[in-house]
Amino acid sequence: MGAGKTTIGRQIAELLRWDFIDSDHEIEARTGANIPWIFDIEGETGFRQRESMVIEALTQRQHIVLATGGGAIMRAENRAALHARGTVIYLETPVERQLERTARDQNRPLLQTPDPRAKLTALLIERDPLYREVAHYIMPTERSSARDVAFHILQVLGLR
Ligand SMILES: Nc1ncnc2c1ncn2[C@@H]1O[C@H](COP(=O)(O)OP(=O)(O)O)[C@@H](O)[C@H]1O
Ligand SMILES: O=C(O)C1=C[C@@H](OP(=O)(O)O)[C@@H](O)[C@H](O)C1
Ligand SMILES: [Mg+2]
């Protein structure tokens, strides 16, 4: 959360003239409800089920840029689909930057807690090995603007 997946993914898609799809937006469109509402009514488990269905469908498509939610890699089936069907980039971001970038946003239910720093730290410890497992490339985002990260990714992929 706050790594820049949605922002950078959209910019890469614009530069490539590919379709951009954010799995959270796709889940909201299919459900007719926003992420906090889905977490409220169906819990994280209900959200993860919807997320897996969306990832299974979207990873069949070619020439798209897909931004997932940060927890998508928690399920092995999602990791397998993303790694086998796409080129996966891990936007590696320290907790301090995540905190700054998510501070004003109320749309991330997992961060609506008295201590978002502790939550993000725990999530990173759990998830970092899985991001590394699924990623084809790892890009630091700490010291670069979203735009610069987008350009750098295109360069590394040989698309620019
Ligand atoms: N490299 C960056 N430097 C500074 N701000 C960034 C960077 N990447 C993203 N942001 C900002 O951080 C916020 C969260 O980004 P977002 O794309 O929603 O992250 P994610 O989808 O990974 O949760 C947005 O306001 C975005 O403009
Ligand atoms: O890390 C997570 O578990 C989540 C990240 C969110 O997406 P972003 O990573 O785009 O904020 C969204 O999918 C949901 O709130 C859960
Ligand atoms: Mg996002």
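How many nonpolar, polar and charged residues does the shell around ligand 2 have? By class, this shell has 4 nonpolar, 4 polar and 3 charged residues. Here Ala, Val, Leu, Ile, Met, Phe, Trp, Tyr, Cys and Pro count as nonpolar, Asp, Glu, Lys and Arg as charged, and the others, Gly among them, as polar.

The model is predicted: local features need pLDDT of at least 70, side-chain atom pairs count only at pLDDT 80 or more, and totals for chains, interfaces and linings use all residues. Residues are numbered from 1 along each chain as its sequence is written, while chains are lettered from A and ligands numbered from 1 in the order in which they are written.

The protein chain holds 7 helices and 4 strands. Helices (H or I, at least four residues) and strands (E, at least two) are DSSP runs, numbered from the N terminus. Read from the N terminus, the order of elements is α-β-α-α-β-α-β-α-α-β-α. The chain has a radius of gyration of 15 Å, close to the 15 Å that the globule rule gives for 160 residues, so it is as compact as a globular protein of that length. This radius is taken over C-alpha atoms, and the rule is 2.2 Å times the number of residues to the power 0.38. The C-alpha trace spans about 45 × 35 × 25 Å along its principal axes.

Of the 160 residues in the protein chain, 29% are buried. A residue is buried if 20 or more other C-beta atoms lie within 10 Å of its own, exposed if 12 or fewer, and partly exposed in between; C-beta atoms are placed from the backbone. Contacts were also examined. Two residues are in contact if their C-beta atoms, placed from the backbone, lie within 7 Å. Among contacts between residues at least 6 apart in sequence, 71% join residues at least 24 apart.

The surroundings of the ligands come next. A residue is near a molecule if its C-beta atom, placed from the backbone, lies within 6 Å of it. Ligand 1 has 14 residues around it, and the closest are Gly4, Lys5, Thr6, Thr7 and Arg101. H1 gives the most, with 3 residues. The shell divides into 5 nonpolar, 7 polar and 2 charged residues. Around ligand 2 stand Met1, Lys5, Thr6, Asp24, Ile35, Gly69, Gly70, Gly71, Arg108, Pro109 and Leu110.

Several positions carry a UniProt annotation. An unreviewed entry lists Thr6 under "binding site". The annotation "binding site" (unreviewed entry) also covers Asp24, Arg48, Gly70 and Arg127. UniProt positions are given in the numbering used here, feature names are shortened, and annotations may be inferred rather than shown by experiment.

Thr6 sits in helix H1 (residues 5-16). Thr6 counts as partly exposed because it has 18 C-beta neighbours inside 10 Å. Leaving aside residues up to four places away in sequence, Thr6 touches Asp22 and Ala67.

Gly70 belongs to the loop between strand E2 (64-67) and helix H4 (76-85). Gly70 has 22 other C-beta atoms within 10 Å, so it is buried. Residues up to four places away in sequence aside, Gly70 touches Met1 and Ala3. Gly71 is also in the loop between E2 and H4. Gly71 has 18 other C-beta atoms within 10 Å and is therefore partly exposed. Gly71 and Arg48 are 23 residues apart in sequence, yet 8.3 Å apart in space, C-alpha to C-alpha. Arg127 lies in helix H6 (residues 116-134). With 16 other C-beta atoms within 10 Å, Arg127 is partly exposed.

Helix H4 has a buried side. Its buried residues include Asn78, Ala81 and Leu82. They cover an arc of only 95° around the axis, so they are on the same side of H4. The arc is that of the directions from the helix axis to the C-beta atoms. The buried residues of H4 pack against helix H3 (35-58) and H6. On the face turned away from this buried side are the exposed residues Ala76, Ala80 and Ala84.

Two loop residues stand out by backbone angle. Most residues other than glycine have a negative phi. Arg17 is not a glycine, but has a positive phi of about 60°. Arg17 lies in the loop between H1 and strand E1 (19-22). Arg17 is exposed because it has 7 other C-beta atoms within 10 Å. His63, another residue other than glycine, has a positive phi near 55°. His63 is located in the loop between H3 and E2. With 9 other C-beta atoms within 10 Å, His63 is exposed.
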